[in-house]
Each structure stands twice: as structure tokens, then as C-alpha cells.
Amino acid sequence: MSTWKDVPRAGDVPGYRLFMGEVEKPWLDERQYRLVELSNGLRAVLVHDATADKAAACLALATGSMMDPDDAPGLAHFCEHMISKGSEPYPAENDFLSFISANGGSRNAATGPTYTQYWFSIRPTELAGGLPRLAAFFHAPLFTESLTAREINAVDSEFKRNLQNDGRRVLQITKNLSIHGHPYRKFGTGNYVSLSEAGRREGEQASEEVILKETRKRLVAWWQREYCASRMTLAVIGKETLDELASLAVPHFAKIPNRALEPRPAFKDEPWGREHMGTVIFIQTVKDFYAFDVSFQLPDLREHYETKPASFLAHFFGHEGPGSICAYLKKKGWLTSLSSGPSGSSRSVQFFAVHGRLTLEGYLHYREVLEAVFNYISLLRASPLPVFHFAEVRTMAATRFRFKEKAQPHSYATALAHALAEPYPPEQLLSGAHLYRDWDESLVRQVLDGFVPERVRVTLQAKTHHEDIVRNDVEWVTEKWYGTQYVVQKMEQELLQKLGQPNTNQELYLPTPNPFIPEDLDVEKVDVSEPFKHPLLVKRTELSQLWHKKDDQFWVPKAHVRIDVKSPLAYATARHAMLSRVLVDLVDDALAEVTYNADLAGLCYSVPNQIEGLTVSVSGYNDKIPVLLRIVLEKIRGLQVQPDRLRVVKEEIQREYENFYMSQPSALSESYATWMFMPTIWTPAEKLPELSRISESDIERHRDELLSKVFIEALVNGNLTEDVRRYRKNKVLRWLIINLQKSLGILSLAEECLKARPLLPGEIPRQRSLVLPPGSDVVLRKRHTNPKEINSSLSYYLQFGEVSDVRLRCTLALIAHMMREPCYSILRTEEQLGYVVGSSPWSINGTRGLGIRIQSVRPPWFLESRVDAFLETFGDRVASMSPDEFTRQKEGLIVKKLERAKNLHEETSRFWAHIRSGYYDFLRHEEDASLIRELALPEVVATYDALVRPSTGAKTRKKLSVHLLSQEIRDAPPAQPPADSDIDASPNADAADVSGTAEGAVRPARGHTATLVAEEDPRGEVESAFKAALWCAPTATPVISAAFGGYEHGLARGSGHGASAHATGRGGAADCAAPTSSRL
């Protein structure tokens, strides 16, 4: 039984209760934990991390959207927006965000059905300033009237952002189709209409002011009724000792009132009545795809956290190996992907769902798909469940917990705060969510007994439903909030009877024992004075080079392998790009059954296509990595394309590419802007015509040609050694040697399987970026494909220069760091331009710049005018910044630059990014941190005035903006002033005319300006000519360091600093290639 001790008041620290037991921890976790309960009922976990380079805190509240008033849907979400913008001790609306951002941190909040969470991360020395600010939200919020008027629009903008989101649309329908009056039905996001309904009841003629005052009144009353200390849980992570953390947290959070509410309110009543089950809901989607959901209500399983019966059943339903639902439906050509498991938070209503993406044939045979699911249910009921199934699940869960690595502090604090609200004993705070302790077959079968046809609810989703699936005389219903069309039909009695019959499908059977379960998990820590900061180049030939690092700080029995297989044929033309994409998708498809067991055993792989070739990644527990890598490489080299699988893969790619243009406007405009700086880019629209012309032999021939000559670059990071205890003498040295030998073996394995000749140095694809000339003011204007998308988007890019210009790179980073909070606070919070508003630095193939993006219902040219105005006022703010504030901003950025990798995956990702960039600048963060500390304010102001501020940078800025217009915008953009000259596209020349390719598509304006209108240039000829007139930045030049060992001489280098190469346009040369992106 848990033991608690009363700790009396000590000075300014109120008394609290202290848990006296030991918390079960992962093997690698050296942090110290303290569980406390404050006098107001708030429970907290304090975490001392002596090595932390970021502190963090999260407060979770057992109140969410299911507690919204019936006449004010979205009020919990609205409260989350309002509460963090001003408190009595810290009244400024932007105080919290400004404080966090300036000190190298971040913050966010989220509202769920039964919870709300607020978190921040920050420089460790500033935790003492962050905690009282967080606590003040809950004991002294302001909820000002002026903010009410603006934040209700922010909630409305967030709602409008998701209007065309199929996931949100489907979820709201499933919620609406519940028992009338059940809290699950509620519209959790809210919008202006739902939140102001109470205010509008004051009368039809009620003014906006009256409506908003009433809305604020309802908000404050709801906050006083639902926000209660006993419903709150808190996690704090810092470098301070546990006593010091208690002194920092307890005084502030003890001020939160306890309103004597139920600490963990739960919703146990089932949301579906008899009329909602045994039904099929046909839903019309925005994007073009076919999908199904088979869902069952679950009983309250919170007390069964040691057995986790629903999660155990998901092991069977979501399996993809031989005998599974997934494998069977894929063989039929009906399925592309499948997932399964319980959903919903523990105190909310819970469901068990099987979700799948279907092919067109699968959609047309959806009844047979349902039969397969219920046949498997019948199989599970009728079959014994050998203990090895639970043993495997339990073993892997225990292994994952034992070797659980650190995460980002804010993510960990959030997980801990939520775990405190679960019914775990204090001892199991860290382990309760992860470990399977007891095998209870009767409980598993009890849950399974609820999976019957009479209690199922099926959704079938499609953009357009066929008449033989849904009769053309049905009356479609329009959902109230999102406007989604749907119809509900009861299952025919014949179908219900079929679904209830015993299984007779011999192709369905339970999984066999998993051969990939790791066996060698021994890791012995070795004293290391300081971990290596970079990998080492340990082998370099004309065919390949290998980067290697032995894990010397995380001490997990894991490794990460990254292998780039570079070939100019991967992306030479739109057809080559399409062939590469189809090839890797077919490899994934062919490996699905074989590799699923590896995935369950903590091993994963990926084979995306890149502009430069293919990337093979394998990671996980180290003892089986060579086995999985060989399976993947041999499949790539020996793939035999099956016509039926090629048809399925092509159908899925076609939908993905067509749906790309239905994406969020802000995401699309960012893509369009990035493409403008890429000498060679084959868009989805350009690749699609090739898809129908691709045959089985085309794929195999492309594979053979692509792999005939390659350059291989590999990184092996982690632990690949045998147990060091086997070596009696010089064990550390032998350990390192064995690890290096195994890494070399990984490279040999790749060379052996691929059987390729080396590329000539000039054939190796290299990354380049286009360069805008000084004084550029370029606008690319496009329209969104979706006629129902009401949002437009602006992507505003300012190109600074080359990444290799260290001083300019650091100045840009500091400007972007200082701008982040004011950009958000002014353009989003104050001016309410939209929900998606942000600024950040960006990098494209060796060039860097500053970007601002906004998604809004307002026209992009208006948004651009507000960005220009902001850049002017922010320039004044920077110029007048005090020395103390300037130093604080620099120190906050340095914290970000010097933040260490928290786990092996993060370290590998950092190394791999430096390798793939071609710079190999592994110590860049340290160099940047040192130089940032030296920067002077006048230098930063001068750079800002030249490259950012519109009024002073007219002749020196290099600006590109993308205007993505909603089809609902019919107003014409404001007229441009008369043109003085066409755009100067070269770095130094006075003129380069690109306006004559397609008359009217390029509209020159004053100076180095151009407006490219996509609607007047359907083939992209003008855009291509515009890009062809630009120049390329030089390719990356390696930064020579100790990482190169003895291989620094004779390295293939870029064209060198100061040299530029002319682009060749849309179908440019391979040495002027674009940045990499998965699944291009």
C-alpha cells in the first residue's frame, strides 16, 4: 500500500503530502522523482535531471470539451485560448509567450474530450520565471473583454482551417450519431456561432458588444465551475534538486482554488443506443480515397491497466503477417493499409476500431471486407490463445520500458502529467502505461464477446459513392458544423447473419511465434570523459563511404543505419521520378508481411525515394539489424513485380498525387515557394501522366539501370558489439574494434546486395539552390483546387545568402529568433489575420532565408501588406532594443543551438542531416553559438535593414511570395505601379527578360519585380523560363574536421564559394538538383 508523509509548511512553502515509496524506473533513467500532493488537492511529480539543458512543465486538467455547456459548444477550447494571455501578476497578453521565446523555449496547449493541457519548455536557469506565470493562469486569469473579441475569432479561424479536414468531418458525424444528450455528441472545437449563441439570445438586435460581453460572462462562470485544483496534475522537470523544485512549484500552484469537484470525472454511459448499432454510415469525403471503420463500444477498462485486454486484442486485429486480415485483403487486391486498437481517453467513452484504406475494388466489395473482419473475430473466439502471444507482447513492452530513452522535456512532462491522472499506483507512475503484468484470458474473451454484428458500427468513406453501394434515391443528410454529406443505413438481415457465422476462411489464422524478438540485449556502460561530437569517416572508396559512431552516451542495445544510394537516373525526368516512386512503393508492399514481425520486435525500416536516389534506413535492437537489412536490400535488388500489386500501388499513388492539391492552403503555398528555388522539380501534376504508361518490365528495367552505377554513403550509429564482458583484456578497445568491424560489415552487405559499379565523380547528383538577384520582388499567384476551401495562404520568403556564410547565417538565426513571438502576437493575436501565423528561418540546398506564412480567409495581397507593415515596425523595435534585452535574446538562441540530442534517434538524425547536406559540418551548432554571442546590435540592424525591411531594402532584398487564393476570392489584386524594367534575374546583370514566353503571364513592375500568374500559364512555361534565367548557388563544400580522419584529401568538393552556375530550368542538369524529400 502506498505510503504518504505530511510535510509541514516551511517559510513561504505551504505544507504538502509526500509519497515515500520508490517509483519504478527504466534501466537507463538516472533522474530523481518526487510525487507530492498539495493542500488544494493538486498532484505533482517533480523530476530532477542533473544533465538537463532544457527545463519543462506541464499542467493537465481533468476537464475538456465533454464538459461544455449544451448551448456553448467549444467553451473549453475557447477557455484554453483565453486563459494563457494575461493574468493579474503578468497582465500583458504576450507576456508568457515573450518570456518563453526569449529564453529559448516553446509553449502550447490543447483541449481534448476530458482533459486540457498547458506546457512550456525553457532555458533551465529560467524555470523559476516560467512556473509562476503558468500557475497564474489558473488562480488569477484576466479574460479581458478586448481579448474576448479577438480570441473568439481565433477559435473561429481554427475551425475554418479544419473545415475541409476529412478526419474532423468524419469524427463529428460519428459523434452526432449518438444518444441525444450524451456529452460525446458535443462539438468540441467550437466556432463563432456556437460560442456566441448565448449572447445572441439577448435579442435579435443585440450588438456585437453585448454578444461578446455575454460570451465572456459565460466563459468566466464556466471556468469558475470547472477549473479546480483537485482536477489538476502537474509535472516539472529541471536541474534543481527535488527540494529546490518543490520550493519553486508548491507556493505558486497552491494558490489555485479547490472547488470541491470530483477529481477525475469519467463518462461510463455508452454513447450509442440500439438504433446506432448494426448500421453502416456512408460519408462523402473531400479528398479522393476509400476507407472503412469497424467500431465497437468498449466497457470501462481503466482498472485493467495491468492486463490491457483491448491493446492485446489489437495485436491480432492489426497484424500484417501471414494469416492476418491485412494480408488476406491485400492478396484480394482490396486493401492498401490497416490499423487497429482502442481509441478515446481513459475517462472518455472508448471504442475498439479496425480502420483500413481500400482500393476501388475493396470499396465495391466492402461487404466481403466486413466478412473477413468478422471471420477473424470468430477465429479468435474459437481458437485457444497460446500463452506465447501474451509472452511476446509482455516481453517487448518490458524491453521497450527497460531501454526507454529520454524524450524532449516538454513531451515527457506532458506524458507524466497525464499519467498522474490515471488510476496507477504511485509506484507505477512511469511504468503503468507501458507494462503488461498479468495474463487474464477470461477478461480478453469478455471484451471479445462484445464484438458482435448487432453491436458494430461501420463507416464507409468515399468522395463519390457508387449507385450499387448506396442507392441513388437515398436522402443525404448534411452535418451541421462541417457540412459533410452522409447517410445511415441499417445492415440487411442477410448481411448480419453472414457476419455472425463461424469462420470458414482457411486463409485466416493466428500469428506464429515471432523470430525477430531480440535475444542479445546486454549493454555495459563504459566511463567516457566526454561523448564524441561527430561520427568518423572510417572507409572511403570510389563506390562508397561509411560514417561510424559507437554509442557512448545513451547505452541502449540499439543501432541506426542510414544508407543513401545515389544515382542520377532516380530523378532525371518526370518519368524517372515516377518510376522511382513506384519502385519503392512496390518494395514496401512486397516486404509488408515479412517485416511486420520485425516491427513488433522493435525493428523498423524505410525505403523512400529521393531526388538523389534511394535511402535505406534500418533501426532498432541491434542483434537482428543485419538480418533485416539483408532482407530489405535483397528485395530491392531482386524484386519481381506482380501485375496485381502494381495495379494497387499505381491506384494509391494516383490518389495521393491528386489529393496533394487538396491539402491545407498553408502547406501547399509552402511547397510552391520551395519549388521556386529548386532548379529541377517534377510536380505531382507533371508525374501523373507517366503513371498509366508504366508496366512491370518498366519497373524492373528502371531498377536495374538505377542500381547499375551508384555512389553509396552510409552512417552506422549506435551499438553493434557483442557483450564487452567476453573480453578479458583491453575490453574497451576491443569493444570499439568489434563495433567498427560490424559497421564495416554493414557497408559490405550493402555493396554485396546491390552489386553496383561506382559512379564517376561528375555523375554523382549534387544539391543546388536558385538565387534571386538583389532587389527582387517576385509574386507567384495560384488558386486552390478545392472549390469549397475558404482559406487562402501567403508564403513570404526573404532569401539571405549561402549557408556557408557563417556570420550571415548567425545573424539570420538571431533575427528569426527575435521575430518569432512578435510575429505571432501582432499578426495573429492582435490583428487576427488567421489561425496559422508564424515566422521561421528556412534552408534550401545551401541557401538560407526568413519565412512568414499566414493562412486566412482574407486575400493574400492584403496579408502581404500587413507583413510589410509588421516588418517595418519590428525593424524599429530591433533598432531600439536595450543592451540587456539584446543579450537575453542572444542567450535564448544559444540555448537552442547547444541543446543536446536526447536519444540515439535524435543524434542520428542530426548526423544524417549534416551528411546529406554535403557540408559535414557536425560542429556547426558550437561555432554558431560562439559567433552569436559576439554579434553586435548595429550589425544585426544593418542586416535587417538591407535584407528584411521593405523601405530600406528595396535594392537589396530578395523576396518571393506565393499567393494561394481561395476560389471564393473574386476581387482583383491591387494594380501594380508602372514597370521600369523587367526582372534582373542574374546576380549582377542589369536585365534578363523572361516576360515574352507566354503573353500576359508575367506582369513586370517597378525594379526587379515580377508577378507570375498560374492561371495564365497552365503549362508552367513562364515559371520555367523565369527559373531558367536565375543562377544557382554553389554546391556544398565539405567543412574539413577531425571527423574525416585520414580521408580529408581528395574529397569531391562543390564548385566553391563565390562561383555560381546557371540553372537549366525545369528539366535542369543533374548537378543542379533539388533538395530531398521522401516519396517524391
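Two strands are taken to pair if DSSP finds at least two bridges between them. In this predicted model, strand β19 (residues 603-606) and strand β21 (residues 613-621) meet that criterion, with four bridges in the antiparallel sense. Within this pairing, L603 is positioned opposite G620 of β21.

At the level of the whole chain, the protein contains 31 helices and 33 strands. Its radius of gyration is 30 Å, close to the 31 Å given by the globule rule for 1080 residues, so the protein is as compact as a globular protein of that length. Taken along the principal axes, the box filled by the C-alpha atoms is roughly 80 × 75 × 70 Å. Of the 1080 residues, 60% are buried. Among contacts with a separation of 6 or more, 82% are between residues 24 or more positions apart.

Strand β5 (residues 55-61) is mostly covered, with seven of its seven residues buried. The side chains of A55, A57, L59 and L61 point one way from the strand, those of A56, C58 and A60 point the other way, and all of these residues are buried. β5 is joined to two strands. Seven bridges connect β5 with β7 (residues 116-122) in an antiparallel arrangement, in which A55 stands opposite I122 of β7. A further antiparallel arrangement links β5 to β8 (residues 232-238) through six bridges; here C58 has A235 of β8 as its bridge partner.

Strands of a sheet pair through backbone hydrogen bonds, either parallel or antiparallel. An open sheet of seven strands is present in the order β11-β12-β10-β13-β9-β15-β14, and its pairing is mixed. β11 (335-343) and β14 (477-478) are the edge strands, each pairing on one side only. The antiparallel pair formed by β11 and β12 (residues 351-358) is joined by eight bridges, and S340 stands opposite V354 of β12. Helix α10 (residues 309-317) lies across both β11 and β12, and runs at about 170° to β11.

The loop between β11 and β12 includes S348. This residue counts as buried, at 7% relative accessibility. When neighbours within four places in sequence are left aside, the contacts of S348 are with M66, P113, T114 and F267.

A helix-helix contact was examined for α18 (residues 574-600) and α22 (residues 684-691), whose axes come within 8 Å and cross at roughly 75°. Because crossing angles from 65 to 115 degrees count as roughly perpendicular, α18 is roughly perpendicular to α22. On the side of α18, the contact is made by A574, R575, A577, M578 and V582; on the side of α22, E686, K687, E690 and L691 take part. The residues of this contact comprise five nonpolar and four charged ones, with no polar residue.

Positive phi values were found for two non-glycine residues considered here, F143 and N845. F143 has a phi of about 50° and is located in the loop between α3 (127-139) and α4 (145-161). With a relative accessible area of 2%, F143 is buried. For N845, phi is near 45°, and the residue is placed in the loop between β27 (836-844) and β28 (847-856). N845 likewise counts as buried, at 8% relative accessibility.

Conventions
Residues numbered from 1 in each chain as written. Heavy atoms only, no water. Axes fitted to C-alpha atoms, helices over the stretch in contact; angles between N-to-C directions. Parallel < 35°, antiparallel > 145°, perpendicular 65-115°, else oblique. Contact = heavy atoms within 4.5 Å. Nonpolar A, V, L, I, M, F, W, Y, C, P; charged D, E, K, R; others polar. Buried < 20%, exposed > 50% of the residue type's maximum accessible area, 1.4 Å probe, protein only. Rg over C-alpha atoms; globule rule 2.2 N^0.38 Å.
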